[in-house]
Amino acid sequence: MNLSLLSSGGVTSAGLGPDAITAPWPVTATHSHGGVPVQAGLIEQKDPSLLRWQKEPRLRRASPITYFMIEAVEQALQGAPHLDRGRTGVVASFFLGCLVYSVRFYRQITEEGRRFASPVLFPETVFNSPLSHVVATLGLGGPVYSQIGDKTCWASALRTAQCWLANGDCDHVIVLAAEEFDPHEVDALHSGGLLRGGLQPCEGAIALLLGPSANGPAIGAIADGYDFRTRREGLEAAERCLAEFAPHTPLLDTATAWTRTSAATIGRSIIGPKAVPTEGFTLSAAADTMRALDIVASGQSPEVIVPVWGLTRHVAAYRVTA
Amino acid sequence: MSATPTPQIAITGLGCVTALGADATSTWEALHAGRSARGPLTAIVVDGCRVTEGAEASLPSWPSWPEKRLRRLSRSTRLALPAVRQALSEARLLDANDRCLLPRLEMSVSTTACGMEKGEEFLRALWSKTRTGQSARVAQYQSQAQTGAIHDLFGFDGPVMTVANACAGGGNAIGHAADLIRSGMTDIVLTGGYEALSELVFTGFDGLQSLAPEACRPFDRGRRGLLLGEGAAFLVLENADRARARGANILGYLAGYGQTTDTHHLTQPAPDGAPLERAMRRALEQGRISASDVGYVNAHGTGTPFNDGAEAQAFHRVFGAGQTKLSSTKAALGHTLGAAGAIEAVLCLLALKSGQLPPQINLLDPEPLVAKALVGHGEKADLSAAMSVNLGFGGSNAAVLFTRA
C-alpha cells in the first residue's frame, strides 16, 4: 500500500505552517548542561495560533505538546477541507512523549509529598492523552494509536497507516510526530552520549495527511526493525536494512549525532544534505519524509531511500518514489 | 480494500506472569480458587498515599542470566521476558537454547509506563546530583529497551510497534497484530503487553482517589475503586494456514477486533457506554459472530464507579441479560494497565479451552443491569466464543473476539 500526501501541518522553531517543516529549524534558546551550553530549537508558545487552543474547555490543562499537535493536525485538515473526518485515523509517534508534565508531576511527588501531587496533572502525563484531546476537539472518528519508541517509531507509524488503509479501516490517516522539550532532556541526552557533535534538540509537531496513492509522489516499501546495541552494530543494522532496497537508489541524508559517522561509511550516493545538526527525533523523521517527497516531486531523483536512524536501538528505511 | 480472502488468525502460543502466578497455569488455578493478589507493596514506596496496597508480582528468576545483568533491567522487562518465553515455547518457536527459530519476528506490544522506575531513578539521581549510572537508567527507561531485551535474549529482531493507548493498549496491540496478518503485511506476530508498578503511576491513581481502600469490587454497587497491579502476557498470532502447515498447536482463533475513541472526557467514559458498545459490535461484525454466540466476556471492570457503570450499560445493550457471562479478573489480579488486555486475552483463551469461567470475586451487591451475567464460583459453560474488553484514559476502547480451536 503506497501512501500519498494530501496535505501537511507543522509547528517547529521555524514557525507555524507547512513551510516550517522543511525550513531550517533555528535555535531559539540555550540550556546549560554541567556548564556546557546546549542550543535548542523551541516553540514560541505565546504564538496566538497556539494560544487559541487554550480556549477549548478540554484543553485548558493540556501539556505543551498537545497544543503543538492540535495546531499541526488542524493545519493538515485545513489543507483538505472535504475530508470525511469520521473516516480519518490518526497515529502519533513519540520518542519522549509528555515530558514536561511527567517531570513536573514526579517533582511534586518527591518534593511536596505523595499526597500533594496534583491529581489533574497525572492524566496529562499519559502518552495518549494529547492525541485523545486532538481527536476529541477536531472530531476525528477513525482508528487512533499513540506509538512510542526510538526515532524509528515514525517509520512504524507510517506502516500502521499502510495497514489501516490496506484493510479499509479508514479512508485517510494523519501520521503525526510530536516532541516537547524539557531541560532534563539535556541531561538524558548527555547521559546517552547523544550530545557529542553539537546535537541541538528541537520540539514541535508535524502532521502528514496521507491517503492511498493513485499517482504522483508516494511513500512505498518500509523496512523496519533492524536492531543494534552498539554503534558498530548500528552500521551493520543499517547495511542489513538498506539491502532491502536497490543499491543504486540514492539515500536521503538523515543522520545526526553519532550516526553521521556510520552513514558516511555506507557506500551509497547521498542526496539532500542536512544543513544544521538539529534533532527533533520523530519530528526530524517526519521532516525527512517531507524532504524526500519534495526531492522526488522536483525531479531531482525519481526515487530516494529514507533511512531512519533510531539513535538508540533500531534502524528503518523506506522508499519514496515520484 | 484487500481483494484476497481474509486469512483466519490462529493463536499458537501464550504465556503470562501475574501477581497470582509466574505462568498461565498457576494464574488460572489461583483465579479459580477465588484468590486475590491484594497485599502490601514492597516493589515501590507508597508511604503517604491514601491507599498502600496493590497486586505485586514476584519477579521470576532467570537461571541462564546472571543476577547482576538482571538487576540492570527494568522491572517491566523482567516481567515480560518469562511471558515471552512461555508463548514462544508453546508455539514451538524456541530451540533447545531458548533462541527463537525465526531470525525475524514482528512484535506488536503495549505498555503505558515502559521502565518507569528507571526514569524515576534518573530524575532522583539528577536532583541529588548523583551522576553514577545515569546512562544505564536512561537506556532502560524507554520502551525500546524492553522490546530490545526480548530481541537480545531470544535472538531475533524485526519490526516493533509499541502502542501506548493507556489501559486499552493490550487489546489494541493484539488487534493490531491481527490487522497486520489480515493486511498480508506479515503472517506471524508476537504480541502482548507488560507493566510494572511504579511510584509515579501509583501515586497518580491514588491522587485521583481511584484506588480501592479495601477489596476491589467490580460491578458491585458498593465499588470504591481499582486495585493497581503488574504483570505481562504475550501471545503468538499466526496466519492459520501457516500454523497448520508447520504443525503448530492451535489454541484458538482471533475472530474480530473493534476499537473506538470515546471523546466524552479524558479519564471518564461516556456514561451510556456507547463508544464501548461500538467497539464490541465492530469486533462481532468483523468476526461474523452474533452476540448470542459469545458465551463469556472478560470485562475491563476496574471497580471504579464510572467505568463499571458505563461498561454495564454497553454490555447489557449488546449481550442482553443473562445468556452471556461476565466477569472482571482485575479484582483478583489487579489492573495491569498496558498489560491488562493481553493478560485478559490469555484468560479468554483458557476459558474457551477449558469451559471454566473466571469467577467474579468480592461481589456483595451486584449491579442490577449485569447481576445475572456475573460469573459465580465454579461456573462452567460450553463456550464457542469469548470477548475481552478494555477501556483506557484518553477514551481508548478495544474489544477482541476469540473463538475456540
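1. In the largest nonpolar core, which has 91 residues, the members that touch the most others are Leu237(B) and Phe402(B). A nonpolar core here is a set of buried Ala, Val, Leu, Ile, Met, Phe, Trp, Tyr and Cys residues joined through side-chain atoms within 4.5 Å, and buried means under 20% relative accessible area, with exposed over 50% and partly exposed in between, for a 1.4 Å probe and protein chains only. Helix α13 of chain B, residues 340–354, is the element that gives the most to this core, contributing ten residues. The core also takes at least three residues from each of domain 1 (3–212) and domain 2 (218–321) of chain A.

2. Some conventions apply throughout. The model is predicted, and local features need pLDDT of at least 70, side-chain atom pairs count only at pLDDT 80 or more, and totals for chains, interfaces and linings use all residues. Residues are numbered from 1 along each chain as its sequence is written, chains are lettered from A and ligands numbered from 1 in the order in which they are written, and side-chain values use heavy atoms, with hydrogens and water left out.

3. Beyond its neighbours within four places in sequence, Leu237(B) is in contact (heavy atoms within 4.5 Å) with residues including Ile9(B), Ile11(B), Ile174(B), Ile181(B), Val189(B) and Leu254(B). As background, nonpolar side chains in soluble globular proteins tend to be buried together.

4. Strand β5 of chain B (residues 160–163) has Val160(B) and Thr162(B) pointing one way and Met161(B) and Val163(B) the other way, and all of these are buried. Helices (H or I, at least four residues) and strands (E, at least two) are DSSP runs numbered from the N terminus, and two strands pair if DSSP finds at least two bridges between them. Strand β4 of chain B (residues 106–110) pairs with β5(B) in the parallel sense over four bridges, and Val109(B) has Thr162(B) as its bridge partner. Strand β6 of chain A (residues 144–148) runs antiparallel to β5(B) and is joined to it by two bridges, with Ile148(A) standing opposite Thr162(B).

5. On a 1 Å grid over the protein atoms alone, a cavity is a set of points where a 1.4 Å probe fits but cannot get out, whereas a pocket is an open set with protein on both sides within 12 Å along at least five of seven lines, and lining residues have an atom within 4 Å of a point. Grid points are joined across faces, edges and corners, and a volume is the space filled by probe spheres set on the points. Helix α6(B) gives the most to the lining of the largest cavity, with three residues.

6. The second largest pocket holds about 1,000 Å³ of space. It is lined by 37 residues, and those closest to its centre are Asn167(A), Asp169(A), Arg182(B), Tyr257(B) and Gln286(B). Strand β8(B) gives the most to this lining, with six residues.

7. Chain A is assigned domain 1 (3–212) and domain 2 (218–321), with bounds that come from an automatic or database domain assignment. Taken over C-alpha atoms, the centres of the two domains are separated by 22 Å, and 40 residues of domain 1 are in contact with 36 residues of domain 2.

8. Asn165(B) lies in the loop between β5 and α7 of chain B, and it counts as buried because its relative accessibility is 1%. Leaving out residues up to four places away in sequence, Asn165(B) touches Asn128(A), Val144(A), Tyr145(A), Ser146(A), Asn172(B) and Ser396(B).

9. His133(A) has its place in helix α5 of chain A (residues 129–138) and is buried, since its relative accessible area is 1%. Apart from residues up to four places away in sequence, the residues that His133(A) touches include Arg58(A), Glu124(A) and Leu266(B).

10. Glu195(B), in strand β6 of chain B (residues 188–195), is buried with a relative accessible area of 0%. Its C-alpha atom is separated by 9.6 Å from that of Ala233(B), 38 residues apart along the chain.
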